Amino acid sequence: STLLKALAGLLPITAGSVTWRGEAMEAWAPRHRARRLAFVPQSLMALPEVTVRTFVAQGRYSHQGVFARATPEDRQAVDQAMSQADLVDLAARPLPELSGGQRQRCLVARALAQQADLLLIDEPTNALDPEHQIAVFELIESLAHEERAVAVVTHDLNLASQFASRIVLMDGGRKVADGTVNEVLQR
C-alpha cells in the first residue's frame, strides 16, 4: 500500500525516482498526473454526500475545464465505468447508503472513468463478496489486456495466482521475490 501511494505521488519518495515510459513522474503537473494515472485506495476516509453517478463522474474532472459541463464523451466514459463495475442499478443512490463492497466498486468505477493508462489499485476486493471479487479481478485483467498498466496490491494469494501475470512478493517493505506466478508462489 505504501509503495502504491508513493508511485501515485501521494507520499514522498525518499530515495531514487519513479519513471513511467521514460518520464519522471514527480515532474508531472497534477492535471497531467490525473489523466495518466488512476489510484484506487482501499477505502474512503470520509463519504461525500453525493450519488454514485456523481462520484464516478468526478473521475472525469481532469478531462474538463474549470467550469466546463460534462461532454458526451464524459457521459459515455461514466456510463461504461459504471457498467463495468456493476453499478448501473445504484446510480441514484447516495454513497453513504452503500455497503462496503458497493463503495469499493464505486472507487474502481471512478478510476475507470478517468481512462488513465496506468492504474494503481490497493486491495480492490476489500469488503466484496466472492462473486464480485472474481468480477473485479476479471475486469482488472481485461484492462491490462487493453494496453493499460495495472498494479494491484492484494493479500489474497488465490486471486493473485489466478489473474496476475507478474507477482512481486514483499515482506516488511522489502521485495523478496519477483516473477511469474509459478516462480514466486512456491513453498
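Modeller: K5 lies in helix α1, residues 2-7; helices (H or I, at least four residues) and strands (E, at least two) are DSSP runs numbered from the N terminus. The model is predicted, so local features need pLDDT of at least 70 and side-chain atom pairs count only at pLDDT 80 or more, while totals for chains, interfaces and linings use all residues. Residues are numbered from 1 along each chain as its sequence is written, and side-chain values use heavy atoms, with hydrogens and water left out.

K5 has a relative accessible area of 33% and is therefore partly exposed; buried means under 20%, exposed over 50%, and partly exposed in between, with a 1.4 Å probe and protein chains only. Leaving aside residues up to four places away in sequence, K5 touches L10, L11 and F39, where contact means heavy atoms within 4.5 Å.

Now the pairs. Side chains of opposite charge can pair when their charged atoms come close. A salt bridge here is a side-chain nitrogen of Lys or Arg within 4 Å of a carboxyl oxygen of Asp or Glu, and by this rule the count is eight.

R21 and D117 form one of them, at 3.3 Å from N to O. This pair links distant parts of the chain, 96 residues apart: R21 is in the loop between β1 (19-20) and β2 (23-24), and D117 is in the loop between α5 and β4 (118-122). R21 counts as exposed because its relative accessibility is 55%, whereas D117, at 18%, counts as buried.

R60 and D74 form another, with their closest N and O atoms 2.9 Å apart. Here R60 sits in the loop between α3 (52-57) and α4 (72-84), and D74 in helix α4, 14 residues apart. Both partners are buried: R60 has a relative accessible area of 4%, and D74 has 3%.

Apart from residues up to four places away in sequence, Q114 touches A34, L37, A38, G59, R60 and H63. A polar atom of the Q114 side chain lies 3.2 Å from the backbone oxygen of L37. Q114 has a relative accessible area of 12%, so it is buried.

In a further bridge, D178 pairs with R166, the closest N and O atoms being 2.6 Å apart. D178 is in strand β7 (residues 174-179) and R166 in the loop between α7 (157-163) and β6, 12 residues apart. D178 is partly exposed at 31%, and R166 is exposed at 55%. Salt bridges that share partners also join R21, E23, R36 and D117 into one network.

As for the setting, the chain has eight helices and seven strands. Its radius of gyration is 17 Å, close to the 16 Å that the globule rule gives for 187 residues, so the chain is as compact as a globular protein of that length; the radius is taken over C-alpha atoms, and the rule is 2.2 Å times the number of residues to the power 0.38. Of the 187 residues, 39% count as buried.

How values were computed
Polar contact = N/O pair within 3.5 Å; in protein donor to acceptor, adjacent residues only side chain to side chain.
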